[in-house]
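Please look over the sequence and the three-dimensional model shown here before reading on. The report that follows goes through its pockets, cavities, overall fold and core.

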Amino acid sequence: MEFYDFYTGQDFDSYRFLGAHPSDSGVTFCTFAPAAQHVSIIGDFNGWTDTGMGKIYDGNFWECTIPNAAPGMRYKYRIYKKDGSFLDHADPYAFYSEVRPGTASVICGLSDYHFHDEKWNRSRSASYNKPINIYELHFGSWKKKTDAPDGWYSYQELAVLLIPYLKENGYNYLEIMPLAEHPCDESWGYQETGFFSPTSRYGTPDGLKAFISQCHQNGIGVILDFVPVHFAVNDYALWKYDGTSLYEYPSADVGVNEWGSCNFMHSRGEVCSFLQSAACYWLREFHFDGLRMDAVSNLIYWQGRPERGENKSAIRFLQNLNQGLKKRFPHALLIAEDSTAYPGVTAPVSQNGLGFDYKWDLGWMNDTLSYFQAAPSLRTQLYHKLTFSMHYFYNEHYLLPLSHDEVVHGKASIVQKMNGGYEDKFPQARALYLYMYAHPGIKLSFMGNELGQLREWDEKREQDWELEDYPLHKAFHRFLRELNHCYLTCPALWELDSFREGFQWIDCHQEEACIYVFERISGSQTILAIFNFSGMTRSYTFTCDRVRTFRLLIASDMTQFGGTCDYPEKELLFRKKTAEFTLSAFSGRWYLLD
């Protein structure tokens, strides 16, 4: 490790020096604790009694080698403060941890696991002209072996179930909610204690590597939720690690956030190097294809509040992090979960941007869901909630999210949000998804959305798979499966996502009828998307400047999807320069134009 880089926040490899590293002579332990009076190592190898560590380099690092220590043994650092008191801490750089409620680190070297994803690695890139359809997953509650709190599948076991499901349903990327070690299941992984430690809930680090390798062999990219903003307040972890505020701010005014956790102090180079090394670790050692960075707004602004001003140190950290990751992993997808209007989130750092590839379009999400929650009689007044996104869309590279955040905390599931009674909700949800997948931007949908799940997500329970026994849910799932595959195979829907030439409004002034018409365009294909979001059947005449042929690709009101309309298997419309459509209530269609 270059110590100058570590202190100045330029290091991306500190995990190779700090932590526990097995060798032929035993295990060498090294920790950074500049304010400690003394540090000992305790663990299974010494009966949990003190073995003193010596200062190295400039006296801020503590190191020792234990000959009889070995992989699989537990350990902690006993850190003595100036007043003689001590706390036993898990290793900030540990590569593995014991299963909760245990809090010790576990010796686990950087393994020589052999991935079998060479073909995938040669083909992957972060280009903007490819389809990206993301299935967001909480590892512990997609499916469970038992109803017990720890009835989880292992990494390898879930791969056998999940990968065929993703392929069958047309998802080519998987985004996993945080897998870094965390003490509380209810935090979903966002309150972390082990930033280099894949949670032991689901198995070993090599098990996670095998899971990712298998995903890649089946053409599925894997994105990890990464939390660079804050950490859990548990006293055995990063909190006051060396007896002082080493990772966090000393002032609670900026040091404690809305979630009750500690904010990282990004003005400290050692903290930046810690987080940069963690991000690099997941991409390099586990072959993740990208990182979705949580709560970016809380990095841009103090406590995520624009009125408190920009956090210049955290912004510089983000720029350095993204620029450094892109230098090392040009293929990596770097995604910002950001709710602000801060400009240049996806602009290159060289242009004073933040350097992300994509930003969550939370404005689109909020406007779209509020529109579909409204009664049909009110949608004439809300009409332009669905046109507004295209006014700003080309300012950034966007991801359209219907994520876990939208199906918890009293917000209701996606289908349940739809206006009206049980049977009215499904045609509206189908029309919503058809509109979402025609709209520019890469896609993300949370697990269970495809089932038409009606209850909110609960991390303690698996998804309601029994819904497949109910005709409306089964038909809804069939629709989303068909929609996903249609999206992946139609270049008009993604090839020119980032260019104005890829989208054209045909009609966005049917306020009274609640009809929307636009085209998606690529070099080889044009798709006409037409929607009727009113509660009654509408007629619409499409006029163009030359004779066109219309071939139906998909319609949300097909009988096989739970709708009421029968279409010829390959509906062709020949109407010279016009096409007349009769659109059922709450419906949409895609036509391939010649």
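## Pockets, cavities and core

Helix H9 gives the largest share of the lining of the largest pocket, namely three residues, where helices (H or I, at least four residues) and strands (E, at least two) are DSSP runs numbered from the N terminus. This is a predicted model, in which local features need pLDDT of at least 70 and side-chain atom pairs count only at pLDDT 80 or more, while totals for chains, interfaces and linings use all residues. Residues are numbered from 1 along each chain as its sequence is written, and side-chain values use heavy atoms, with hydrogens and water left out.

The largest pocket has a volume of about 550 Å³. Among the 24 residues that line this pocket, Glu-258, Trp-259, Asp-294, Glu-337 and Asp-405 are the closest to its centre. Two elements give two or more residues to the lining of the largest pocket, helix H7 (297-300) and helix H9 (362-373). By class, this lining has seven nonpolar, nine polar and eight charged residues; here Ala, Val, Leu, Ile, Met, Phe, Trp, Tyr, Cys and Pro count as nonpolar, Asp, Glu, Lys and Arg as charged, and the others, Gly among them, as polar.

Pockets and cavities are both found on a 1 Å grid over the protein atoms alone: a cavity is a set of points where a 1.4 Å probe fits but cannot get out, a pocket is an open set with protein on both sides within 12 Å along at least five of seven lines, and lining residues have an atom within 4 Å of a point. Grid points are joined across faces, edges and corners, and a volume is the space filled by probe spheres set on the points.

The second largest pocket is lined by 20 residues, of which Glu-482, Leu-552, Leu-553, Ile-554 and Glu-569 are the closest to its centre. Helix H13 (471-489) and strand S26 (549-555) each give two or more residues to the lining of the second largest pocket, and the largest share, four residues, comes from S26.

The structure also holds six cavities of 30 Å³ or more. Residues that line the largest cavity include Tyr-249, His-266, Trp-302 and Asn-311, while the lining of the second largest cavity includes Phe-95, Cys-108, Lys-209 and Glu-285. Helix H4 (205-217) and H6 are the elements that give two or more residues to the lining of the second largest cavity.

| Space | Volume | Lining by class |
|---|---|---|
| Second largest pocket | about 340 Å³ | 11 nonpolar, four polar, five charged |
| Largest cavity | about 80 Å³ | six nonpolar, five polar, no charged |
| Second largest cavity | about 60 Å³ | six nonpolar, two polar, three charged |

Buried residues (under 20% relative accessible area, with a 1.4 Å probe and protein chains only) make up 62% of the 594 residues.

Terms used
Buried means under 20% relative accessible area, exposed over 50%, partly exposed in between (1.4 Å probe, protein chains only).
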